[in-house]
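Thanks for asking me to look this over.

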Amino acid sequence: MIITVDGPAGAGKSTIAKLLAEKLNFLYVDTGAMYRALTLKAENQNMDYADIPGLVKMAEKTKITLEKSKSCKTIVFLDGFDVSDAIREPIITNAVYKIARIAEIRQIMVSWQRDYGKKHSIVMEGRDIGTVVFPQAEKKFYLDASAQIRAKRRMLELKEKGIDISREELITQIEERDHKDKTRKCGPLKIADDAIYIDSSDLDISEVVTTMLKYLKDKHEK
Ligand code: CDP
């Protein structure tokens, strides 16, 4: 079974998709981590983001794997190295759109992502999972929240990591990233026609997971 969770930055997708996967005993797949890992490689290699053939060649020679740690954290390996923390650095967050907008790179990512669905029952989160990667998925969710709330959540997350950034600055960054994600030609963020839309602005994590589980149960009973 394939469950997709799409939505903008900071809507709570990662936490919620991970919890949902744990409850169902499905594999959780964070596709944003894959785009982030490739961006990290491009940064490390000082790649020119205008050199599309060079970036595609780099992507073809890359191995990204996601593993679950004992404490249920996702460990991201880039060519065998653990890059779980490095890919969350603001420099990567701000550069990832330059990789995510390249159609040929998205094609490579989509084929890796589809491979997960061939072998496992999965909860996969991202931007284009219900629309492009698995349009035939059994259940699709689109998780949203206001930009103000998403910025507040992101601010707390960053604070825990010792990164101080004002809420106003984060709202601007989030809105810019939303715009880039929604307007790119290939694999833009949009709500699949058959997705269940959940606004998590006024819901806590467990309320969102409960809502999702209820929808899943309803589907089975129909
Ligand atoms: O954690 P956060 O919500 O900030 O973002 P993420 O899920 O880690 O994704 C980082 C970036 O990767 C997004 O802003 C998208 O530009 C890109 N992305 C994408 O293009 N397609 C996906 N399926 C997942 C992420």
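This is a predicted model: local features need pLDDT of at least 70, side-chain atom pairs count only at pLDDT 80 or more; totals for chains, interfaces and linings use all residues.

1. Which helix gives the most to the shell around the ligand? That is α2, with four residues. The shell has 19 residues in total, and the closest are R36, R106, R154, R177 and D181.

2. Sorted by class, the shell around the ligand holds 10 charged residues, five nonpolar and four polar.

3. The side chain of D181 places an N or O atom 2.6 Å from an oxygen atom of the ligand. For R184, a polar side-chain atom is 2.9 Å from a ligand oxygen, and for R127 the distance from a side-chain N or O atom to a ligand oxygen is 3.1 Å. On its own the ligand has 520 Å² of accessible area, and the protein covers 98% of that. Two or more residues of the shell come from each of α2 (31–44), α4 (90–100) and α8 (167–183).

4. Let me turn to F141, a residue of strand β7, which spans residues 139–144. Is F141 buried or exposed? It counts as buried, because its relative accessibility is 1% and the cut-off for buried is under 20%.

5. Leaving aside residues up to four places away in sequence, F141 touches several partners, including I3, V5, L20, I198, M212 and Y215. The C-alpha atoms of F141 and A192 are 8.6 Å apart, although 51 residues separate the two in sequence.

Terms used:
Residues are numbered from 1 along each chain as its sequence is written. Side-chain values use heavy atoms; hydrogens and water are left out. Buried means under 20% relative accessible area, exposed over 50%, partly exposed in between (1.4 Å probe, protein chains only). Contact means heavy atoms within 4.5 Å. A residue is near a molecule or strand if one of its heavy atoms lies within 4 Å of it. A polar contact is a pair of N or O atoms within 3.5 Å; within protein, one must be able to donate a hydrogen and the other to accept it, and residues adjacent in sequence count only if both atoms are side-chain atoms. Accessible areas come from the Shrake-Rupley method with a 1.4 Å probe; for residues, only the protein chains shown count as cover. Ala, Val, Leu, Ile, Met, Phe, Trp, Tyr, Cys and Pro count as nonpolar, Asp, Glu, Lys and Arg as charged, and the others, Gly among them, as polar.
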